[in-house]
Amino acid sequence: MDVTLDPQARTFIEVSEVWVPRDGVLVHAQGNYGDREAFAAVSGRESFALGEGLPGRAWAEGKPVVLKEFDGSYFKRTEAAKEAGLTSAVAIPVFDGKTLKAVLVVLCSDDTERTGAIELWAETDGLMMLSDGYYGAAKHFEWVSQHTHFPRGQGLPGGVWSARTPILMRDLGSGYRFIRADSAGKAGLTTGLGLPVPSPVGETFVLTLLSARGTPLARRFEIWDSRAAKVGTTGGAVLIDGICARDGRLWDEDNPRTAKAWEGPIGTVLGSGLPLVMGGNPALTAGYASMVALPIHLDGEHAFTVAWYC
Amino acid sequence: MQKLVVIGAGMASGRALEHLFDTQPGEWDVTLFNAEPRGNYNRIMLSPVLSGEKSYAEIVTHDEDWYAAQGVHCRFGEKVVAIDRAAKTVTGENGTVAYDKLLIATGSNPFIIPLPGHQLPGVVAYRDLEDTNVMIEASAIPGAHAVVIGGGLLGLEAAAGLRLRGMEVTVLHIATHLMERQLDAAAGFLLQKDLERRGINCILQANTKQITGDGKVEAVELADGTVLPASLVVMAVGIRPNVQLAKEAGLAVGKAIHVDDQMVTSDADILAVGECVEHQGAIFGLVAPLYDQAKVVAATLRGEEATFVQKQLSTKLKVTGCDLFSAGDFAEGPNREDIVFRDPARGVYKRLVIEGEKLVGAVFYGDTADSNWFFGQIRDGADISANRDTLIFGPAFQGGAPVDPMAAVAALPPEAEICGCNGVCKGAIVDAIKGGAVDLGAVRATTKASASCGTCTGLVEQVLASTLGGAFERNAPQPMCKCTDLTHEDVRRLIKSQELKSMPAVWQAGAWKTPDGCHSCRPALNFYLLADWPLEYTDDLQSRFINERKHANIQKDGTFSVMPRMWGGITTPDELRAIADAADKFKVPTVKVTGGQRIDLLGVKGEDLPAIWADLNAAGMVSGHAYSKGLRTVKTCVGTDHCRFGTQDSTGLGIALEKALWGSWTPHKVKLAVSGCPRNCAEATCKDVGVICVDSGYQIGVAGAAGMDVKETERLADVKTEEEVLDYTMAFIQLYRENAKYLDRPYKWVAKVGLDWVKEQVLDAGIRAQLVERFQISQSVYQKDPWAEHVKERAEQYVPVADLTKFAAE
Amino acid sequence: MSDWIDIGPLDAIPPRGARKVETPLGCVAVFRTGDDRVFAVNNRCPHKGGPLNEGIVHGQSVTCPLHNWVFDLSTGLAQGADEGRIDTFPAKLEGGRVLLAASALRARPVAA
């Protein structure tokens, strides 16, 4: 299976945190920092106004923001991050219509080995073009992505765009469109999670998280559907796709897994409509050290939740 | 231990063995032949493997290890050569094995249409992992094109998968809508839109002629001459039960291997299961009945009582983001009733088919919530008479209080958006109402709410009602027909603002309550669509009244009248002779000179129409459109050529007008006249457009009437030249075509919109030029002689499709 | 039943349209609905004898071209306020061909 991994491998994302608006500023809500206690402490005291720092920037721009270099940037916690070995970050705002619900920030640490990709695609002239992305050591793939575009329905970005639903692909490496496929194979990128990112500015964005064997972005992926058109008016969510390095396939056409609001981590996301970052309690996170769950609000409802575990 | 031999390791036999080993572990010595060099995988999940959304490993159900653990002797990759029923043995390529019981599960083969070129490399069926891998390989070539023949479940899944892999994909489908076995036309239309949104090109009613290529597939050619480049052709047109072995063994075989309710073939020791069986005349392609059969097979082998019963089936399409569901029987029938629910904003279509007190069928698109519940109601034959009014809303509404739409609107917060087109929220409408806009028109004027597509008109009215309470009197506008709540004007606005270019698109966007309209709305929609989108929309003859479909006026005895065009009322001796000859030849009982200066042949039999037209065509005459909602006649006086009072060449101008306007479709009939002087011999002052020649030029009058109402024309403009007369007239007709309600004559329409508005449009040189241009674009499509066209292309429609008088009488 | 007569391919009838068939009982109209089902009925409207094959087909009904009487093609019954009935004959679609039952066309219709 594509995401069968060496459990010792270092993960692509080192830190995840959630910021929520309160009294006009973004305040720290949750974080999973591992053993980076100093950075955790600094972050806990921080807050961001509209346009300020990375989370404030994502809020102001109404779209995900990628920051590959902290030095000399608007990043507010540069010193603490450097001490914690963190070098890059992506902030993903969660909007419900024009209302900001939260900002999810993930931080990565650059070295010459860790590959993976977090990409932001934006519609330009009827095509999905790369807006920005963080690729770790997958430099050639980065170059290729910058020079690739996806028409509607094609590839992971084009598929997510036209289907308006998150898509989990197992097979990025073979047959994936154009030279990108080839390069993805060489970079070891195998599994990809693509999700629509609703934006209050009316543009269409697709975020893709591409996972590599050696430095997985996650070992388990889940996509939950909570649209009324799928689950009815009674609420809850069904797992429409998922794969796990340990448990294999998580989907079952005839007996899909379900989640109820406020029951378990996914239920917490369904109930609150906010992202969730959890760590240090494997019993709650499918046996993995940490999990991140991200809600997607479309057309006035909490439509999907994507979750990744590692 | 009993010896069981199984031929075929597919989903049905895999499930049967599972049941057998669950209940009787170790009691059977099983040998399993499989032509494919592997165990069993979930074939219906191949589509997500094709698209890259699942891996093969995830869809394996029984691998070699599983069979080994159950003690099954696997002979994978080995074909069975023969069954010897007398000796009770099965012979494979590598030897013979004896059986006590034999289970045939040979499945089916894909049906390949024997088109020229079907054996070229690059033509694949879509059936197994090998096919899937060939398709994945073909998609790896940048910019490659694929053609999928067959717009059923499998074909569309293949198309979506190949598209996600990066191919340019075209689906060819022979029927008039996609997945016609599982979906009705409305849902098929939405599915097509959805696929087209993914960049998949769908061609319906496509007749494939041949597959071409030099040594490999290069293109697919259709009967209409279209050539589609393709490096991959996927045939997904159906399956054929694989019955060769059974036939050779002398088992009873019809469409497939006959089995009884216990899944036993005509030989008591041989059972069959899956896609290779025929049970009570039916064969099976979906997985649910196969699993039911597998259960029965296991029970029969155990010597237990079990009966296979065919059940209702449901369908879902495995294309991520396409939510559709269909179950049961949704054909219309006696005592059947439809409940149709459409939500244009969400792209939702739901249809329930009720027969008596039971739900018998359901088709959902865009919203499949509770589909299992509905399927249960169908399967169980539940009595739904108590809750039929709320049935379509699903289980959550059953037993609860009826929904009050007013309460829902009253409860909306002020910032809730009511009008999506113009972004008007409830608060803005409430403010406008409080500011004095107390009816729909005033709200429209002040806020623009419901002023574009009009689908929120009902909501705006509810806001009015909830804000004003009893003070609001709903000025209920007349809906177009019982199929919709929208007025003709609403529908015209909707067609333009949302660029709706097909009838199903209008039905969906206008929340039609019937599957395909009625005799009242269909002709109107057909006109609106062809008037607004002359290049994109195809005229639908089946939505026209008989006169326009047959291009002749039906008379009360079912015969027809035929009237050739006489430009400006001018004819020649040759034309008159041809008319007389035709009248003789076809025994026309009545020949009449009409009020429009034409000669009408009355009493022609329907089947003679193409022949009489051909004769008149041969004499140089074309259809006079005496039957159409379109330009009828331009009546003229003789003008300066002969008349001592004539001021201009009224005859020449009349002919020029008729040549410019003929063939155009209009909301109702349009009659013109040109009089050479104010004495008005051509009676131009009571026509839809009447031109009076004067010394200084031309007076153009419009909106006259001389039918049920009599009304003099109103002056549109005075102009100097013939060119101006033509331009003003074309602009006026086009304005009428674009804006009037179907079956409103120009005088009625002008009364509604006001002559001032009409003048503002037509007298503005810029607007006039655009109107003329749009009119001419339309004429480039529609100005053609329907007689010649019908004689050439549709003559067979005029005669009976069959004559059974002799055959049936015997 | 063994007496089905093949009258031609489904394609010979336009969707939401009809074709006539001459029979010993007179003219029969064979209809094709929008969802490709076929029906055969007496072609004469009981009201004023309008040719039903020329009517507009919607759902599984046809509207008479003369005076807009609407008939259910399956039962033959007039819909709405009008009262009347047209004879219906067995028809089916098999392998893309339209079949009529010969026996029904030989027998005299049940008096309406």
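How far apart do the C-alpha centres of domain 3 of chain B and domain 4 of chain B lie? In this predicted model, the separation is 26 Å.

**View 1. Domain 3 of chain B where it touches domain 4 of chain B.** The domain assignment of chain B places domain 3 at 323–397 and domain 4 at 406–541, among six domains that also include domain 6 at 634–786. Seven residues from domain 3 of chain B and nine residues from domain 4 of chain B form the contact. On the domain 3 side, β26 (336–343) and β27 (348–355) of chain B each supply at least two residues, and β26(B) gives the most, with three residues. Four nonpolar and three charged residues make up this side of domain 3 of chain B, with no polar residues.

**View 2. Helices α12 and α13 of chain B where their axes cross.** The axes of α12 (residues 426–434) and α13 (residues 440–447) of chain B come within 10 Å and cross at roughly 115°, and the crossing of α12(B) past α13(B) is right-handed. From α12(B), the contact draws on Ala428(B), Ile429(B), Ala432(B) and Ile433(B), while α13(B) contributes Val443(B), Thr446(B) and Thr447(B). By class, five nonpolar and two polar residues take part in this contact of α12(B) with α13(B), and no charged residues do.

**View 3. The side of chain B that touches chain A.** The contact takes 28 residues from chain B and 32 residues from chain A. On the chain B side, the elements that give two or more residues are α3 (56–59), α5 (129–139) and α6 (153–164) of chain B. This side of chain B comprises eight nonpolar, 10 polar and 10 charged residues.

Conventions
Residues numbered from 1 in each chain as written. Chains lettered and ligands numbered in written order. Predicted model: local features only at pLDDT ≥ 70, side-chain atom pairs only at ≥ 80, totals over all residues. Domains from an automatic or database assignment. Contact = placed C-beta atoms within 7 Å. Helix = DSSP H or I, 4+ residues; strand = E, 2+ residues; numbered from the N terminus. Nonpolar A, V, L, I, M, F, W, Y, C, P; charged D, E, K, R; others polar. Axes fitted to C-alpha atoms, helices over the stretch in contact; angles between N-to-C directions. Left-handed = near helix turned anticlockwise from the far one by under 90°.
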